[in-house]
Amino acid sequence: MNTLSNMNIDELEEILSKLKKDLAEVEEERIFILGQTGLHVPGGTVKQYEAEVHNLRERIEETEKTLQGKKTEKTAFVGRYVCTCMKVTLKDLEEGIHNGARTFKDLHLKTHCGSKCGTCVDNIKKIVQDTVDKKPNE
Ligand code: FES
């Protein structure tokens, strides 16, 4: 199961958008149903709407917190070296990808990342894969 903490920023933003849309729909429906004059609405139905709205709001709050954490994490990581041997930062990798690199080898040729101890290679391959997968049409 894909938990919020395992999701990347784009996935979290997509989930958050869907949750907000669901909440808006449920609230709109609740207002419509409960606003019907002369219509008896059972107490169970009212509680059901309240529970659903409460649940969606909690999930939105949890998703927003996780998303904020991921964004803060990314901001802190951007300036740090991904490849300490060759002093290559995440920003350098992102610029390389922005300028056409699509594989680790492309980035290696541009930045020389991974050319000394090699401990960064798997991490860089994952960064490339995640970043390139987000931009399939570029
Ligand atoms: S950390 Fe990248 S080659 Fe050593």
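Modeller: Let's start with a term we will need: a helix here is a DSSP run of H or I that is at least four residues long, and helices are numbered from the N terminus. Please keep in mind that this is a predicted model.

Biologist: Thanks! Where does E52 lie, then?

Modeller: E52 is part of helix 2, which covers residues 43-78.

Biologist: And what makes E52 buried, exposed or partly exposed?

Modeller: Let's count. A residue is buried with 20 or more other C-beta atoms within 10 Å, exposed with 12 or fewer, and partly exposed in between. E52 has 16 such neighbours, so E52 counts as partly exposed.

Biologist: How far apart are E52 and H40 in space?

Modeller: They are 12 residues apart in sequence, and their C-alpha atoms are 20 Å apart.

Biologist: Let's step back. Which helices and strands does the chain have, and in what pattern?

Modeller: There are five helices and two strands. Along the sequence they follow α-α-β-β-α-α-α.

Biologist: Why is the chain called more spread out than a compact globule?

Modeller: The globule rule gives 14 Å for 138 residues, but the radius of gyration is 23 Å, well over that, so the chain is more spread out than a compact globule. The C-alpha trace spans about 75 × 25 × 25 Å along its principal axes. Buried residues make up 14% of the 138 residues.

Biologist: What does the domain assignment give?

Modeller: The assignment gives domain 1 (4-77) and domain 2 (81-134). The centres of the two domains are 37 Å apart, taken over C-alpha atoms.

Biologist: Now to helix 3. Which of its residues are buried?

Modeller: Helix 3 runs over residues 90-98, and L93, G96 and I97 are buried there.

Biologist: How do you know whether those buried residues line one face or several?

Modeller: Look down the axis of helix 3: the buried residues fall within an arc of 95°, so they line one face of the helix.

Biologist: What makes up the largest nonpolar core?

Modeller: This core has 13 residues, and those with the most contacts inside it are V82, C83, L93, L107, C113, I124 and V128. Strand 1, helix 3, helix 4 and helix 5 each supply at least two residues of the core. Helix 5 gives the largest share, three residues. In soluble globular proteins, nonpolar side chains tend to be buried together.

Biologist: C113 is on that list. What does C113 touch?

Modeller: Leaving aside neighbours within four places in sequence, C113 is in contact with V82, C83, M86, V88, L107, H108, C120 and I124.

Biologist: What is the phi of K87?

Modeller: The phi of K87 is near 55°, a positive value in a residue other than glycine. Most residues other than glycine have a negative phi. H112 also has a positive phi, near 70°, and H112 lies in the loop between helix 4 and helix 5.

Biologist: And how do you know whether H112 is buried, exposed or partly exposed?

Modeller: H112 has 14 other C-beta atoms within 10 Å, so H112 is partly exposed.

Conventions:
Residues numbered from 1 in each chain as written. Predicted model: local features only at pLDDT ≥ 70, side-chain atom pairs only at ≥ 80, totals over all residues. Domains from an automatic or database assignment. Rg over C-alpha atoms; globule rule 2.2 N^0.38 Å. Arc of directions from axis to C-beta. Core = buried A, V, L, I, M, F, W, Y, C linked by C-beta atoms within 7 Å. Contact = placed C-beta atoms within 7 Å.
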